[in-house]
Amino acid sequence: MTSLDVPPPPAASALSNYGRPLWRRWLLTRESAVIVAVVLVWVVASSVVPYFGTTTTLGFLLLDATPILMIALPMTFVIITGEIDLSVASTLGLSSVLLGVLTKAGTPIALAMIICLVVGLLVGAVNGFLVTIAGLPSLAVTIGTLALFRGVAVGLLGTTAITTFPAFWQNLAQARFGLSGIPVVMVLVVVLAVIFAVVLHFTPFGRGLFALGLSRDTAEFSGVKVNRAKFIAFLLTGIISALAGIYWTLRYGSSRGDNATGLELSVIAAVLLGGVSIFGGKGALHGVIAGVLLIGVLQSALRLANVSSDAINIVIGALLIMSVLSPRLLAWARRLSPSRTRQRK
Amino acid sequence: MSPIGTVRPPANAVARLTGHFFRSRETGILAALVIVIAVTTIVNPTFLFSPDGFRDLLLTPSILILIAVGQAVVIITRSVDLSVGSVVGLTAYLAGRLFIDVPGIPIIAVFLVAIAAGAVLGLINGLLVAFGKVPALVITLGTMYAYRGVNVLWTGSNRVNSSDMPKVFLDLGTQTVLFIPSLTIIALVVVLATGWYLRNKRGGRELYAIGSDPDAAELYGLNVTRRVLVAFVLSGVLAGLAGILFAARYGTTNSQTGTGLELQAVGAAVIGGVAIFGGSGTVYGAAIGAVLLLTINRALPILGIQDFWQQAVVGALIIGAIVLDRLLALRLSRKLTSEHQVSHD
């Protein structure tokens, strides 16, 4: 975004925050609350749930959370611009099927992976085209492409599964660093997370996404190329979902049309839980990562405590609702407290 | 859809009605449905011209029609209800449990309890949306998880089988009255009653006004909160009705009943011309959209397309429908602009 001469104006609410001391600005945020919640749940679970504190648990927790962690990064971009992408899990499934079909046909796996990523870009471009150039609402568009991409994935493989992949890659997808339990794939995740965080928070493009989510027109007049920014955000969800599809296939050693069905809602739940506003223009990547981990830790702890893993849905649902209601509840609380002090005077 | 208002009405009522018929958005989708049925019947006459074929044609979409009608009403107010699939699952299991736990319970009582349960779940959605001032997408995503979680906790790995339910109840799911399945009659009554209310009653018109411009509706003095609540309760009631009919139709429910129905319902409404940002569309369109969705599903294998491709066709259909709506809207706005200019000359 070289054409961005004028930095987008910060939101009025963000400006008012500068009246408060630095530590309050850093600690009393949504993101910190989620991070504290992750730590709390971790500590409680480690002391209460048997075997939770082991490196094996940590390893599986991270392996399981990786696809959501990856896709949540570009999804944050999309939601910050005020759009949404429901097709990510279907793109994951499509990429998984392609990887299977291509390797079965004798394509070298490295080439197959590149093709998957290119298809991911194309798929993102389809969404981006329909949303930005055709001007259609992203909610409706991506419900359509959710069915379309999943349909192509299921259509290509039917109910069969392809389960033969090079052992090297399958092992790599599950490998841990020595005894630490930390999966090797976390290197990729961390690199991606750092890149996305820097782009979102420290580049004109990233700041432009926030400006765009707060007010499309203001952003446009400030020199943000609105359509291009949204288009890029959709390209990113496409390619990262395809990457997550490759990982999913190798990690579970199985390429199936119905891989990761419904994962889009888990990703969106995690992003919103992490403090990103569904209206756009608000959020931070460290909150999102904490949101994903919070769900992952809860899931893992409840599973080890022999609670049916699906029952965690109640917790995720309640957390999601509480998290979107909490600003409103806080606002009420704030409105109550100053009025009380004034009355005392 | 009100393109009718821009065209000078023809002199007599018949011409006006036929004119309306040919211009309305629902006619297009109905034509598509007729073409699908006609082509499939030519390939395989038993698709329509056999007792079972005719019955299945009407019976299969009945449950989705109910949910699509509720969804359409919610979408018209510029909300969305993603929890319907979970409500169907909960009420279906509730119905089954009632037959097991309360031997000899009258069927009508089970109906009332299931519908009341749906109403309560819908009311929870509505209250959270109306008083939390949070987008329905987030709230109902949360309740979708929460309701499903309750279902899983309650059901566990149990299931209700057809042997647990009275035969009279199960017959209701498949019996026909004058060649028309009773489920279809129920769906038809719901569609007509809701359609009539939306078109002719003050409350119905207010739903459109709220969806077109919530702020203007509020300024105008409409009771937005109450209307939105009613829309969500209606969606819950219809999902509850769909749930108990699901139990009757399929004779078995478990903890995963109704999963994914929410996206089908939104898809049906969108295909039927209900704009995702509210304010336009009819429940008739949504109902025809539901029939088209499920009829295509059944037609594809007959047409020699592997049924794995069903979902891809559905996705293409949804995207086609929103592109079409966009083109129609553009044409309408061009027409309005030119008429505006003419009247000022």
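Over residues 1–7 of chain B, pLDDT stays under 50; pLDDT is the predictor's confidence in each residue, from 0 to 100. For this stretch the model has 13 contacts beyond four places in sequence, two residues being in contact if their C-beta atoms, placed from the backbone, lie within 7 Å. This is a predicted model, in which local features need pLDDT of at least 70 and side-chain atom pairs count only at pLDDT 80 or more, while totals for chains, interfaces and linings use all residues. Residues are numbered from 1 along each chain as its sequence is written, and chains are lettered from A and ligands numbered from 1 in the order in which they are written.

Chain B as a whole averages a pLDDT of 82, and 92% of its residues score at least 70. The scores for the model are ipTM 0.77 and pTM 0.81.

Chain A contains 15 helices and zero strands. Both are DSSP runs numbered from the N terminus: helices are H or I with at least four residues, strands are E with at least two. Of the 345 residues of chain A, 47% are buried, that is, with 20 or more other C-beta atoms within 10 Å of their own C-beta, placed from the backbone (exposed: 12 or fewer; partly exposed: in between). Of the contacts in chain A with a separation of 6 or more, 79% join residues 24 or more positions apart.

Helix α5 (residues 88–104) of chain A has 17 residues and reaches 24 Å from its first C-alpha to its last, close to the expected 24 Å at 1.5 Å a residue; the expected span is 1.5 Å times one less than the number of residues. Because 14 of the 17 residues of α5(A) are buried, this helix is largely enclosed by the rest of the structure. Just after α5(A), A:G106 takes a positive phi of about 95 degrees.

The largest nonpolar core has 202 residues. Such a core is a set of buried Ala, Val, Leu, Ile, Met, Phe, Trp, Tyr and Cys residues joined through C-beta atoms within 7 Å. Those with the most contacts inside it include A:A72, A:L320 and B:I67. Leaving aside neighbours within four places in sequence, A:A72 is in contact with A:V267, A:A270, A:V271, A:V288 and A:V292.

Where the chains meet, the contact takes 38 residues from chain A and 42 residues from chain B. On the side of chain A that touches chain B, α7 (138–157), α13 (263–273) and α15 (312–344) each supply at least two residues, and α7(A) gives the most, with 14 residues.
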